[in-house]
Amino acid sequence: TWPYVEVLRKSLFVLPWGNNNYVGHTPLHFIILSKVYILIDDKYLIRLIFCIISLLMPVLFYECLKINYPDENKNNLLTLASLIFLFPSFRAGAIWAADHITALFFFLLFLFYYLRWIKESNFKELTSNTYLQIIFLALAVYSRQYYALIYVYCMYVYFKKFNLLNFLKLSFFVFVL
């Protein structure tokens, strides 16, 4: 996929599919890499930075677990969050700067705000937390398409929790994204 990153470095108006056959995924991850590639002109250094940033994944996962299981022993949650390092696909994706790692990072940020919203919200008004959830989920979808299925679930939850006017406002925001 690196040829696609190099092409995006020169122009953003190149589709990842079609006649070029670069990749079959949405381009956000590759756009991010191409912009970093403009700043750092070494793909191996970019991969190293991406790998280091991937080390934040268990931290985000741990924070999500802490919100969802506040009474659980923190060491157990930390152990569970650290298990992500055992998955070969995670390690390979972190080393090769794969798009599923970028999508997972955005998804965990979505999940963090979603879990805080579920635990703390009174569901009367739309808050910045609600919009942050939607933005991070959109970024996850624009990195990897399969997160789009989560939108269906979220819209169902929003329909159940909010009044019709707030649901329509949120639906419009999702449509714009």
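Phe-112 is buried in this predicted model, because its relative accessible area is 17% and the limit for buried is under 20%. Phe-112 also forms an aromatic pair with Tyr-113.

**Aromatic pairs**

- A pair of aromatic rings is described by two things, the distance of the centres and the angle of the planes.
- For Phe-112 and Tyr-113, the centres are 5.3 Å apart and the angle between the planes is 80°, an edge-to-face arrangement.
- The rings of Trp-117 and Tyr-158 also form an edge-to-face pair, because their planes stand at 75°, and edge-to-face applies over 60 degrees. Their centres are 5.3 Å apart.
- Trp-117 belongs to helix α7 (residues 99-120) and Tyr-158 to helix α9, so this pair ties together parts that are 41 residues apart in sequence.
- Trp-117 is buried, with a relative accessible area of 1%, and Tyr-158 is buried at 0%.
- Ring pairs join Phe-107, Phe-110, Tyr-114, Trp-117, Phe-123, Tyr-146, Tyr-147, Tyr-158 and Phe-162 into a cluster.

**The largest nonpolar core**

- In soluble globular proteins, nonpolar side chains tend to be buried together.
- The largest nonpolar core has 49 residues, and of these Tyr-147 and Tyr-158 touch the most other members.
- The elements that give two or more residues to this core are α1 (2-10), α2 (28-39), α3 (43-54), α4 (57-68), α7, α8 (128-143), α9 and α10 (164-176).
- Helix α7 supplies the largest share of this core, 13 residues.
- Leaving aside neighbours within four places in sequence, Tyr-158 is in contact with Trp-117, Thr-130, Gln-133, Ile-134, Phe-167 and Leu-170.

**Tyr-151**

- Tyr-151 is part of helix α9 (residues 148-161).
- Tyr-151 counts as buried because its relative accessible area, 13%, is under 20%.
- Not counting residues up to four places away in sequence, Tyr-151 touches Ile-134, Leu-137, Ala-138, Val-141 and Val-174.
- Between Tyr-151 and Leu-137 there are 7.7 Å in space, C-alpha to C-alpha, and the two are 14 residues apart in sequence.
- The side chain of Tyr-151 reaches the backbone oxygen of Ile-134 at 3.1 Å.
- A polar atom of the Tyr-151 side chain also lies 3.1 Å from the backbone nitrogen of Ala-138.

**Charges over rings**

- Arg-9 lies over the face of Tyr-37, 4.1 Å from the ring centre.
- The charged end of Arg-47 sits over the ring of Trp-96, at 4.0 Å from its centre.

**Ala-97**

- Most residues other than glycine have a negative phi.
- Ala-97 is not a glycine, yet it has a positive phi of about 55°.
- Ala-97 is placed in the loop between α6 (88-95) and α7.
- With 6% relative accessibility, Ala-97 counts as buried.

**Leu-28**

- Leu-28 is in helix α2.
- Leu-28 has a relative accessible area of 19%, so it falls under the 20% limit and is buried.
- Not counting residues up to four places away in sequence, Leu-28 touches Phe-106, Leu-139, Tyr-142 and Ser-143.
- Leu-28 and Leu-45 are 17 residues apart in sequence, and their C-alpha atoms are 20 Å apart in space.

Note on methods. Residues numbered from 1 in each chain as written. Predicted model: local features only at pLDDT ≥ 70, side-chain atom pairs only at ≥ 80, totals over all residues. Heavy atoms only, no water. Helix = DSSP H or I, 4+ residues; strand = E, 2+ residues; numbered from the N terminus. Buried < 20%, exposed > 50% of the residue type's maximum accessible area, 1.4 Å probe, protein only. Contact = heavy atoms within 4.5 Å. Polar contact = N/O pair within 3.5 Å; in protein donor to acceptor, adjacent residues only side chain to side chain. Phe/Tyr/Trp six-rings, centres within 6.5 Å; stacked < 30°, edge-to-face > 60°. Lys NZ or Arg CZ within 6 Å of the ring centre and 35° of its normal. Core = buried A, V, L, I, M, F, W, Y, C linked by side-chain atoms within 4.5 Å.
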